[in-house]
Amino acid sequence: MSALSRIQRALFNGGIALSLTATLALAGESAANLIAAGIPANCAPFAAKVSASEGNFGTSNQFGCLGAFQFCPGTFERYYSGSAQSFLNDPRAQVAAWTKYESDEWSKAERNGLTSLVGQQVCHGGRCATIDQSSILFACQFGCGKGGKLANYAASGDCNARNVKDGNLVSVCSYMIKGAGYDASCFTGGTSTACPPTPSGPGDYPTSIGIAANPPSASDASVVVGPMDV
Amino acid sequence: MRILRSAVARSLVSLLIASSAAAAETNFAFKASHRDVTADPDGIWAGDAFAGGKVSIFAYELRSTSGTLLVSQIWNEECSSSVCPTRLVRIEPGGRRSVLVDDMMHQIVPPNDPRFAGRPGTAQQVEFERHPFRLSDGGKKLLNGDFSFEIEGSGR
């Protein structure tokens, strides 16, 4: 093997190792792992989306934030009473703490009027999305308080204002767009607003999905509603 | 008169920051933590900051002959899972204060917190734990981990 090909091979292997390391570091927990730790299946894709930008059950980041959802010290002490190491070793405790945290964030968003953004269109960086419950919760990573980035956006509607960006100049709008389209009803206490079917007229509801797609026969049904009963 | 006052204030900020930046230590040093309080002993936070009840406040400082720069982080209802309201305040020798940065910053790791004790940390983690705030760019920026904030009135 020539010196040149040895160097090429070393660089190639190094590249693979580097890519793999980066993937592992940023992968987050899978929906299956999160379900096993206690997340309801319908909300697991949203939890996995959050975890993907945070960490894994056993990891802590450079700022001392812990686990699959990166609970930083202040949040950690509010939602968990044991040591940092016991938290890292306990996926169920992480899921329980995060579920409570997300519910609290949703309540906070409601109190601060931020949920009124649901249904609005947001566009940023060449991408658009309709804001839904999961958008709000995802963006709450920037703070859902009265002085948070989402509140600043709600006040101005400007995705490029400095006060809607974090210390890396990332806009809260990019988080709303990234987080859109997931079922977050486990944390909001309501029905999912992700991709709701859009009736095109009065009484015109899609029959290709849900129970309407597979209605029971009259003999199987416990309640039979005739046309004149409605 | 107003323009003159503004110019003087700007010069004072520049002087304070320049002397801080010129000092050997540009890291802020831990000053104090106030746990479960309903008022801020340093007087940086008031009113709505305490709306949710008891809070914790952590202060870091950088002293120079022309005054003190104080970073104060409050753990209250405004925090998200990773960031909390944080202010950089200039305190002149006469006691006059002005807020230079007011933003959401990475939560600090409380010094000597037994819950984090004994955990192996990377060099980066240890450094952030010791020095979560520092000045850079000739005193024109406040750094907090990977976050960077322009300092008001620093001449930029």
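Predicted model: local features only at pLDDT ≥ 70, side-chain atom pairs only at ≥ 80, totals over all residues.
Local features were taken at pLDDT of at least 70 and side-chain atom pairs only at pLDDT 80 or more, while totals for chains, interfaces and linings use all residues. Residues are numbered from 1 along each chain as its sequence is written, with chains lettered from A and ligands numbered from 1 in the order in which they are written.

Strands (E, at least two residues) and helices (H or I, at least four) are DSSP runs numbered from the N terminus, and two strands pair if DSSP finds at least two bridges between them. In chain B, strand S1 (residues 29-37) runs antiparallel to strand S2 (residues 55-64), with 6 bridges. S2(B) also pairs with strand S3 (residues 67-75) of chain B, again in the antiparallel sense, over 9 bridges. A hairpin is formed by S2(B) and S3(B), with 2 residues between them. B:Tyr60 of S2(B) is the bridge partner of B:Phe30, and B:Tyr60 is also partnered by B:Val71 in S3(B).

Positive phi values occur at two non-glycine residues, B:Asn112 and B:Asp137. B:Asn112, with phi near 60°, lies in the loop between strand S5 (97-106) and helix H2 (123-130) of chain B. B:Asn112 counts as exposed because it has 8 C-beta neighbours inside 10 Å. For B:Asp137, phi is near 55°, and the residue is located in the loop between strands S6 (134-136) and S7 (141-144) of chain B. B:Asp137 has 14 C-beta neighbours inside 10 Å and therefore counts as partly exposed.

Conventions: Buried ≥ 20, exposed ≤ 12 C-beta atoms within 10 Å, placed from the backbone.
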